[in-house]
Amino acid sequence: MTAVSEHDGGDRPTEATGPRSTRREPRTISDLDTLRALTHPTRIALIETLVIRGAMTATEAAEQVGESPSSCSFHLRQLQRFGFVEEAGGGHGRSRPWRMTGLGLSFSTEEGDTATKIAARTLLALVRTRQLDRYRIWQETQGSYSAAWRDAALDWQSLAWMTPEELEALGEHLTDLVPGLYERIENPAARPADALPVELLLLGHPIAPPTGTDSG
């Protein structure tokens, strides 16, 4: 599960950022170097791990992402260089815990020069591949979960005729329904006893060619 999302070049990022009362703007990334810094599977895996599990040392993170402590230490320092993680205090060397500097990232696949667009699309492909892999794993392992989780899991598809404004409003409404999104990530005490991290992946896009001449 990753905090990274993309937007199409419009004003509203597609990141689910929680109820309006606590909504914070995700960090917007638009420069080539920062986008390229994220286009590495280990770095995305480290971000996901820190978001879900909180502060961890390179050695602890290595056990979660399947890399060596030295590899994780190197990639954490690179993430620190670009402002995604910071030292949480305490420890030394590879025993230093690291934490995220914030939650929520937004980037466009349609803005900037050619190299920037390629980097953004590469990052998006990496993120979506990991998310769909987790969906496949859920399908293969759901029998090991309780009936309550199997019944609650979402696997839904529909078709609707909508305007861009209606689709945008729907996304904002669904975002507002997510309970304690940021609070429960940052504060484990706010999580209900039976809560698990749940990945919510909402896709809404036209499936017919655009009408008219305005494609902006």
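**Exercise 1. Determine which residues of α3 and α4 meet, and how the two helices are oriented.**

Solution. Ala58, Thr59, Ala61, Ala62 and Val65 in α3 meet Pro69, Cys72, Ser73 and Leu76 in α4, where contact means heavy atoms within 4.5 Å. These residues divide into seven nonpolar, two polar and no charged, with Ala, Val, Leu, Ile, Met, Phe, Trp, Tyr, Cys and Pro counted as nonpolar, Asp, Glu, Lys and Arg as charged, and the others, Gly among them, as polar. Two packed helices are described by the angle between their axes and the distance between the axes. For α3 (residues 58-65) and α4 (residues 69-81), the axes come within 8 Å and cross at roughly 110 degrees; axes are lines fitted to C-alpha atoms, for helices over the stretch in contact, and angles run from 0 to 180 degrees between N-to-C directions. The two helices, α3 and α4, are therefore roughly perpendicular to each other, a class that covers 65 to 115 degrees.

This is a predicted model, in which local features need pLDDT of at least 70 and side-chain atom pairs count only at pLDDT 80 or more, while totals for chains, interfaces and linings use all residues. Residues are numbered from 1 along each chain as its sequence is written, and side-chain values use heavy atoms, with hydrogens and water left out.

**Exercise 2. Identify the residues that touch the most other members of the largest nonpolar core.**

Solution. Such a core is a set of buried Ala, Val, Leu, Ile, Met, Phe, Trp, Tyr and Cys residues joined through side-chain atoms within 4.5 Å, and buried means under 20% relative accessible area. Among its 33 residues, Leu38, Phe84 and Val85 touch the most other members. Elements that each supply at least two residues of this core include α1, α2 (41-53) and α5 (114-141). Leaving aside neighbours within four places in sequence, leucine 38 is in contact with Ile29, Ile44, Ile47, Leu79, Phe84, Leu105, Leu123 and Leu126.

Terms used
Helix = DSSP H or I, 4+ residues; strand = E, 2+ residues; numbered from the N terminus. Parallel < 35°, antiparallel > 145°, perpendicular 65-115°, else oblique. Buried < 20%, exposed > 50% of the residue type's maximum accessible area, 1.4 Å probe, protein only.
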